[in-house]
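Please look over the notes below alongside the sequence and the model. They are set out as numbered points, by topic.

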Protein chains: 2
Amino acid sequence: MAVQTVESTTNPTVDLGPAAALSCRECGHRVPLGPVFACEECFGPLEIAYDFSAYETEELRKKIESGPANIWRYAPLLPVPADVADKPNINPGWTKLVKADNLARELGVTGGLYVKDDSGNPTHSFKDRVVAQAIEAARAFGFTTLSCSSTGNLAGAVGAAAARAGFRSCVFIPHDLEQGKVVMAAIYGGDLVGIEGNYDDVNRFCSELIGDPAGEGWGFVNVNLRPYYAEGSKTLAYEICEQLGWRLPDQIVVPIASGSQLTKIDKGLKELIQLGLVEDKPYKIFGAQAEGCSPVSVAFKEGHDVVRPQKPDTIAKSLAIGNPADGPYVLDIARRTAGAVEDVTDDQIVDAIKLLARTEGIFAETAGGVTVGVTRKLIENGVLDPTKTTVVLNTGDGLKTLDAVAGTGLTATIRPNLDSFREAGLA
Amino acid sequence: MAVQTVESTTNPTVDLGPAAALSCRECGHRVPLGPVFACEECFGPLEIAYDFSAYETEELRKKIESGPANIWRYAPLLPVPADVADKPNINPGWTKLVKADNLARELGVTGGLYVKDDSGNPTHSFKDRVVAQAIEAARAFGFTTLSCSSTGNLAGAVGAAAARAGFRSCVFIPHDLEQGKVVMAAIYGGDLVGIEGNYDDVNRFCSELIGDPAGEGWGFVNVNLRPYYAEGSKTLAYEICEQLGWRLPDQIVVPIASGSQLTKIDKGLKELIQLGLVEDKPYKIFGAQAEGCSPVSVAFKEGHDVVRPQKPDTIAKSLAIGNPADGPYVLDIARRTAGAVEDVTDDQIVDAIKLLARTEGIFAETAGGVTVGVTRKLIENGVLDPTKTTVVLNTGDGLKTLDAVAGTGLTATIRPNLDSFREAGLA
């Protein structure tokens, strides 16, 4: 399939802006832009290689600053055509970077603590950022159906983006997902197919479908469009720095599922330095996992370069990837930047969700409980420096993981009169 | 209580920016700024009177355009201090105005159709806009506890905003609300009190509490802070016009609960005209209700000036106010602007939620189903002009009213193999 696809995309009408080619992360082999994801030489992952050579720093900065209040302000740095903002897309991004002074006081952070709150995206998770890129790649390659395997956030993001952009969508999920997640994924009117099996079975089926005539013309956002899709996470790095006044944070705490987001945030920060948009100074990247799915954290602590797969068992379901594809790259980055990878228990995740809600009024998904919980643990252990500027990612919305905090409820139940109110001791 | 409160607020240290006084909507009687809501002369509702006399149009426009990407860009037009953006607040607003070309095609709108999507606010409803104003008024008047009666959206908005702004919160809800809404309201750590009774009982209890020593120092955002709170809805009008390039839309479709939002949108549009920020031209405001709670729609159609209360029975629970306080004002505005008030059935609401999701990738609350459904009906009936620029409000998030579309689900369930996929006929 790879060869056929590469040929079809030497077509000079493929315009994905500054994206110049696909390049193998392992061996550096380059191929033309196309819907391929694995190197034909070494099977390593392909990623986008850019041509940024024409950019002048201050011109670029001005262009970005005068751009739209969404990820397309960074179109010059993404694999999208220059007129992307005029195309129908759900336009995620430019979410709030919340100065979290109350949380900082509780955690003892004095150097400035910020929460990058991606629950403000259209379908309330960071997945909108990556799907928005995949949509533009799908347009460029002439796909008419968008697909993915998902356990929740991604299904909703693909459904919504496909609906608005005029694609058919056909999304695959385990057949026994919670009703809420099913409704969220189905409401956009695309096909939603339940697979009798677990998420691994869903994934395996999608790989089969890609190689079959039945899947022809289908863009699987996290498989054959993955090199484009993954670049969406760079926008988190761009926004954080621009929102800090074009400054690098000293420390960033990022959740790890496949590890792709963390590696792309690192890529984004490096690009900003190379382009002169921020000062070249050290930064540390910290990875956050749930103890019940901590293959990267375990490898980091044991000093290993490879990640031993785990069978996930945690409430942080959006991070529950037991065999994370980008695990080794995450280990590299954590070590190179003098960061770390840490994990927290499910109880600590719930405590951290409540802590963030009660201090900053942000109701995070379990993944946000993981990053806030890990931040607290890293400070307690002296690993994260509380005197430095620190950014913690919240990548999803608590409304989607209500079960995790289902114990939270009424302070009191009273009769509708003042005596009953006084008895409850709330005055 | 009113007299005592007015005295306490002649204090010159109360700085709420351009807010000059409270003025009775019925008799025009003016009192100093304070936590009062009813006229001491005629019991009419008090609203904010502003002093905008010092503003120069183009200077004001520039100041707004260079302001933050939230409602505080309009601080010069709101009852808040000039430095409001520096205070801890959840900073709602500047939500997307989505050009809804797919929906326009389905509805036959050729003049430009837009959805103002307030699900992008921090707690995913427009209530964040009004609560943000109440918070600043509460600060100015020295309240330390924030409260409200609520059946859902408002409870979450108050809980979140109070947490971040450093207030204690104590919110009252009917004791038998759905678990999801209880969790959402409780997660921010304030007191959440279930009242044995329905929403009317909760409301009655809150009125009792305001007059009692037990409620001293408490700001009830939708009662004694209501004049300030209500002004938050003006920001919807400001944003729509600025996002249209400082143009008035020809037609706006607004949901009606108490009717306050619609009246304040009208107030906001009139202010923009008076300030010279938009051209002075006619606009039409349309009100949208659910048939199961349609007191204003019924009065409009029957040509009445008064609104006969109804007992609500509709899935659009966030609009289910059977005796809307601002009903008569809504009737005035709909007639003055040559608009209308219309209602749709619960089935039409569900259809409209699905229509908006499948065309634009926006998953609306039931209230959004009401406005989209009413828009469709008004076009079909020849009341709304499809050749004119039209803005439809979505004021909440579908994630909060999943029950309404619980029938939405899987297209198919298959075994994880290609044969089973082919049998399902989805290729």
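1. The side chains of A:Asp212 and B:Arg422 form a salt bridge, with 2.6 Å from N to O (the term requires a side-chain nitrogen of Lys or Arg within 4 Å of a carboxyl oxygen of Asp or Glu). B:Arg422 sits in helix α15 (residues 418–423) of chain B and A:Asp212 in the loop between α7 (199–210) and β9 (218–220) of chain A, so the pair joins two chains. A:Asp212 is buried at 13% relative accessible area, whereas B:Arg422 is partly exposed at 41%. Buried here means under 20% relative accessible area, exposed over 50%, and partly exposed in between, with a 1.4 Å probe and protein chains only. Helices (H or I, at least four residues) and strands (E, at least two) are DSSP runs, numbered from the N terminus.

2. On provenance: this is a predicted model, in which local features need pLDDT of at least 70 and side-chain atom pairs count only at pLDDT 80 or more, while totals for chains, interfaces and linings use all residues. Residues are numbered from 1 along each chain as its sequence is written, chains are lettered from A and ligands numbered from 1 in the order in which they are written, and side-chain values use heavy atoms, leaving out hydrogens and water.

3. The interface of chain A and chain B takes 71 residues from chain A and 71 residues from chain B, contact being heavy atoms within 4.5 Å. About 5800 Å² is buried between the two chains, and carbon and sulfur atoms give 63% of that; buried area is the accessible area (1.4 Å probe) that two parts lose on being put together, summed over both. A:Arg164, A:Ile187 and A:Leu399 supply 11% of the area that chain A buries against chain B, more than any other three residues. The rule finds 4 salt bridges across this interface.

4. Domains of chain A: the assignment gives domain 1 (97–124 + 233–405) and domain 2 (127–229), with bounds from an automatic or database domain assignment. Their centres, taken over C-alpha atoms, are 26 Å apart. In the contact between them, 17 residues of domain 1 meet 13 residues of domain 2. The area buried between these domains is about 1200 Å², 39% of it from carbon and sulfur atoms.

5. Which helix holds both A:Arg61 and A:Glu58? Both are in helix α2 (residues 57–65) of chain A, and because they are 3 residues apart they are separated by about one helical turn. A:Arg61 is buried at 14% relative accessible area, while A:Glu58 is partly exposed at 40%.

6. In chain B, B:Glu47 and B:Lys264 form a salt bridge, their closest N and O atoms being 3.0 Å apart. The pair links distant parts of the chain, 217 residues apart: B:Glu47 in strand β3 (residues 46–50) and B:Lys264 in helix α10. Both residues are buried.

7. Helix α10 (residues 260–274) of chain B also contains B:Thr263, which is buried with a relative accessible area of 2%. Leaving aside neighbours within four places in sequence, B:Thr263 is in contact with B:Arg25, B:Asp326, B:Tyr329, B:Val330 and B:Ile333.
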